[in-house]
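Here is a short briefing on how two chains are built and how they pair. Look at the overall fold, then at the axis between the copies.

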2 protein chains.
Amino acid sequence: MPRVSEQHREARRAQILAAARRCFLRNGFHNTSMQDVIGEAGLSVGAVYRYFPSKSAIITAIAEEAVGTATDALAELATLDPPPPLAEAVALAVDALEPLLGPDGVLRIAIQVWAEAMRDDDLAEFVARVYGELRARFVALAERARASGALAADADVEGVGAVLFALLPGYGLQRVLTGGPSREAFLSGVRTLLG
Amino acid sequence: MPRVSEQHREARRAQILAAARRCFLRNGFHNTSMQDVIGEAGLSVGAVYRYFPSKSAIITAIAEEAVGTATDALAELATLDPPPPLAEAVALAVDALEPLLGPDGVLRIAIQVWAEAMRDDDLAEFVARVYGELRARFVALAERARASGALAADADVEGVGAVLFALLPGYGLQRVLTGGPSREAFLSGVRTLLG
DNA sequence: CCGTCAAGAACGAACGTTCGCTTTAGAATC
DNA sequence: GATTCTAAAGCGAACGTTCGTTCTTGACGG
């Protein structure tokens with residue numbers, strides 16, 4: 001089908017990426033072969049190589065998508081007005097991340113990206129930027145809490161933001177790697193300690 | 001060297017594992033070839049295959065070592081008497097983990113293990129057990145805090161333990177992926193929120 | 001009938017592993 | 001204590017497979 005519409009091209013790209021995502025979830029980046037992706041997409045070698053120049057380009061696309069998803073999920077949190085109490089902000093963040101924790105959730109891809117980032121400098125830079133910005137949002141949250149008197153005037157907002165942010169991957173990792181704790185138990189712990 | 005001492009055999013094994021560790025830090029599990037490990041160890045193909053039946057056996061050995069290191073580093077923490085305040089316990093844990101965060105630290109291997117655990121059921125089981133036990137120590141810490149009155153009598157110790165535990169990978173990941181925050185800032189945040 | 005796109009055979013490189021040969025430390029023998 | 005024997009330890013060329021990628025070929029819409 002020559003001279004194809006822009007939509008069609010975009011759809012093909014998405015089709016390939018969706019196939020790659022399934023393969024990567026199942027077997028990881030490096031135990032997935034191009035043949036796996038090609039077969040899963042129901043396309044031919046030539047078709048896939050028309051849309052992506054290499055395997056690593058596909059990995060990069062999936063990786064950036066996976067890392068960016070966390071930002072999207074937490075986007076509204078930073079803009080809530082009035083700023084919620086910190087325990088409540090963490091609860092909202094945990095709720096936003098909950099859909100990402102399942103067996104097909106992006107967290108399982110994000111973890112692979114973290115591993116990949118330690119060998120791929122470009123990816124490392126991207127990850128550092130995205131997660132750095134994410135932490136900055138929690139720092140901003142802490143700043144607003146300090147401004148509203150919920151935190152002491154001399155509180156270290158950088159540190160508080162980092163701690164709040166740390167709770168999220170810490171929780172997600174536990175869930176993915178050990179199965180526990182339940183959302184309820186974790187949030188109960190958060191409220192006990194931060195409430 | 002035939003009929004060789006048990007020490008010699010153990011030393012050779014350690015030599016191969018040390019070489020593998022360096023290779024895996026540099027290039028990750030799957031971008032390291034057996035030739036890489038063999039070359040780094042300064043041995044021959046046959047020699048390495050005498051000590052390890054396969055590449056995945058080497059990966060498993062390195063992975064279990066890396067995951068177990070965290071347990072070792074936190075071993076004493078659970079037995080401190082009297083139980084430290086929770087913020088102080090986290091500070092001690094952070095200090096214990098600090099040496100693992102560097103560019104050659106085990107955390108960089110542990111992250112790869114997390115990714116690997118999502119494809120390797122045996123490894124997943126091992127990781128779940130080790131980190132489950134680690135979390136249990138923090139739950140025990142929370143229990144003792146409750147018993148001493150530092151936590152309310154109706155506090156959810158499972159949740160509190162999970163939150164305390166979550167701080168550690170959350171902090172380590174930030175450090176490895178984004179470079180920050182500093183130990184001091186993070187601990188200042190911990191003391192602000194848990195103190 | 002041209003320009004675009006898909007198909008899949010083909011390619012060289014690199015992979016993990018095997019296997020048969022050589023070397024050598026220590027036991028056995030005298 | 002010298003000599004012989006033996007089995008463990010080491011070696012590395014070679015194997016078959018699979019990898020990511022390229023290239024030739026044909027098909028189809030405009």
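Chain A has nine helices and zero strands; helices (H or I, at least four residues) and strands (E, at least two) are DSSP runs, numbered from the N terminus. This is a predicted model: local features need pLDDT of at least 70, side-chain atom pairs count only at pLDDT 80 or more, and totals for chains, interfaces and linings use all residues. Residues are numbered from 1 along each chain as its sequence is written, while chains are lettered from A and ligands numbered from 1 in the order in which they are written.

**Chain A**
- Along the sequence, the pattern reads α-α-α-α-α-α-α-α-α.
- Its C-alpha atoms fill a box of roughly 65 × 35 × 30 Å along the principal axes.
- Of its 195 residues, 43% count as buried (20 or more other C-beta atoms within 10 Å of the residue's own, with C-beta atoms placed from the backbone).
- Among contacts with a separation of 6 or more, 62% join residues 24 or more positions apart (contact: C-beta atoms, placed from the backbone, within 7 Å).

- The same surface serves both copies: 98% of chain A's contact residues recur in chain B.

**B:Gly170**
- B:Gly170 lies in helix α8 (residues 157–178) of chain B.
- B:Gly170 counts as buried because it has 24 C-beta neighbours inside 10 Å.
- Leaving out residues up to four places away in sequence, B:Gly170 touches A:Ala166, A:Leu167, A:Leu168, A:Pro169 and A:Gly170.

Conventions. Contact = placed C-beta atoms within 7 Å. Buried ≥ 20, exposed ≤ 12 C-beta atoms within 10 Å, placed from the backbone.
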